[in-house]
Amino acid sequence: MPKRFHLAWFTNFTAGAWDATFTHGGSPWDGKFYVEFAQALERACFDYIMLEDTLMVSEAYRGTAEATLKYGLQVPKHDPVPLAAMIAAATSRLGVVATMSTMAWPPFMLARVSTTIDHIAGGRFGWNIVTSGEDIAAQNFGLDKLPPRELRYAMADEYMDLVYQLFDAWEPGAVVMDRDRGIYADWRKVHPIDFHGEFFKCRGPLNTVPSPQRRPTFIQAGGSPRGRAFAAKHADSVIAPGRDIQGMKEYRDDVRAHAAKFGRNPDDIKILWLVYPTFGETTREAREAYRRLVTSSAFVEASLAASGTTSDIDFSQYDLDKPLPGRLTTNGEQGSLDRFQQWGSGKTLRQLAAERFDSELDLIGSPITSPTRWRRRWRRSAAMGS
């Protein structure tokens with residue numbers, strides 16, 4: 001049997017492109033649009049829907065929230081966890097993934113809500129693991145700023161050790177439901193974990209019955225070297241940018257090499273590439289629509305503001321028609337920043353903003369004229385075994 005082609009949809013519980021045609025539209029916030037959307041993805045045989053999340057109203061661009069709120073850049077955004085439960089209850093085959101931050105969720109509560117939703121989903125729930133990468137988000141949880149990135153990953157590794165133990169605190173067969181003897185669960189098979197780490201402490205056990213998967217499917221999007229190693233250690237599926245074929249191959253090989261070092265079978269990790277298709281009645285119409293979009297002043301400003309939300313960098317301080325003055329670094333999402341700045345390319349900031357969604361895969365065209373060309377390109381990426 002040929003390798004299966006995996007598909008997922010990356011979205012969020014936000015207004016998004018609220019003024020476009022096929023979107024949530026900015027209201028209402030009852031979740032019904034996303035439930036119907038997920039049901040359509042299920043009919044189309046997608047593997048899963050992933051609900052992204054952030055935890056702040058960014059003020060990175062010009063030091064205010066004006067651009068963030070004007071363009072609806074990840075704000076308003078509602079919690080993905082209740083929405084995931086709604087989608088899970090209304091579908092039967094589609095995987096449902098919710099983003100939860102190790103900074104914001106206590107390990108016990110994350111393990112508990114994951115187990116609960118996995119029951120509702122019948123074993124189809126996934127957790128998109130993030131550490132959060134914005135100081136302004138950290139300030140919503142009593143911190144002045146984020147810990148350094150390397151420390152965040154050390155904390156995340158310990159967090160994972162803790163939740164693994166919580167998911168395993170009930171042994172297989174602990175639930176006996178013996179009506180004759182009046183015993184629901186065998187107390188000898190449910191154990192405190194008494195976890196004492198450098199960053200976390202938890203007695204356990206979970207007070208929830210183990211779910212169909214025993215733990216949710218783990219999704220991760222690691223861009224930095226440390227993030228890739230974390231993904232290779234824990235993730236069942238990795239979300240990664242698909243800008244060019246060579247970069248995709250290098251990313252995939254790196255994750256697989258890390259996985260082997262951790263004693264995992266690299267084939268157990270499915271890498272799904274982020275792509276941004278643009279459709280029109282004809283290929284010419286699609287290309288013109290894309291050109292109008294990415295060269296508009298509104299798109300450029302929104303692109304710069306959006307890039308600032310994950311990097312905490314105010315790009316308004318730089319000249320739009322000159323290259324960035326040097327290679328930028330951040331304590332936030334360095335991988336996302338590196339992809340945006342394309343250091344060494346010599347491109348102006350305006351070009352970088354316009355190319356935020358650019359890809360060598362060139363998924364721009366019509367449903368009629370593009371399939372052959374796209375199939376050729378996808379065969380090249382599918383040959384990577386992703």
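Asp312 is found in the loop between helix 10 and helix 11, where helices (H or I, at least four residues) and strands (E, at least two) are DSSP runs numbered from the N terminus. Phi of Asp312 is near 60 degrees, a positive value in a residue other than glycine. With a relative accessible area of 35%, Asp312 is partly exposed; buried means under 20% relative accessible area, exposed over 50%, and partly exposed in between, for a 1.4 Å probe and protein chains only. The model is predicted, so local features need pLDDT of at least 70 and side-chain atom pairs count only at pLDDT 80 or more, whereas totals for chains, interfaces and linings use all residues. Residues are numbered from 1 along each chain as its sequence is written, and side-chain values use heavy atoms, with hydrogens and water left out.

Most residues other than glycine have a negative phi, and most peptide bonds are trans. Met177, in strand 5 (residues 175-178), has a positive phi near 45 degrees and counts as partly exposed at 45% relative accessibility. Gln342, which follows helix 11, also has a positive phi, near 45 degrees. The peptide bond from Val75 to Pro76 is cis, with omega near -5 degrees; Pro76 is placed in the loop between helix 2 (66-70) and helix 3 (80-90). A cis bond is likewise found from Gly204 to Pro205, with omega near 0 degrees, and Pro205 lies in the loop between strand 8 (201-202) and strand 9.

Ser303 lies in helix 10 (residues 297-311) and is buried, with a relative accessible area of 1%. Leaving aside residues up to four places away in sequence, Ser303 touches Phe340, Ala353 and Arg356, contact meaning heavy atoms within 4.5 Å. In helix 11 (residues 334-341), the buried residues include Gln334, Gly335, Leu337, Phe340 and Gln341. Their cover includes helix 6 (149-167), helix 10 and helix 12 (349-354).

An open sheet of 7 strands has the order 1-2-3-4-9-10-11, with parallel pairing; two strands pair if DSSP finds at least two bridges between them. Strand 1 (8-12) and strand 11 (270-274) are the edge strands, each pairing on one side only. From one strand to the next, the twist averages 25 degrees. Strand 3 (residues 95-101) and strand 4 run parallel and are joined by 6 bridges, with Phe125 of strand 4 as the bridge partner of Val96. Strand 4 (residues 125-130) is joined to strand 9 (residues 217-220), also in parallel, by 4 bridges, and Gly126 stands opposite Thr217 in strand 9. Helix 7 packs on the sheet, touching strand 4, strand 9 and strand 10 (237-241), and its direction makes about 165 degrees with that of strand 9.

The axes of helix 7 (residues 225-234) and helix 8 (residues 245-261) come within 8 Å and cross at roughly 55 degrees. Axes are lines fitted to C-alpha atoms, for helices over the stretch in contact, and angles run from 0 to 180 degrees between N-to-C directions. Helix 7 and helix 8 are therefore oblique to each other; angles under 35 degrees count as roughly parallel, over 145 as roughly antiparallel, 65 to 115 as roughly perpendicular and the rest as oblique. The contact is made by Pro225, Arg228, Ala229 and Ala232 of helix 7 and Glu250, Tyr251, Asp254, Val255, His258 and Ala259 of helix 8.
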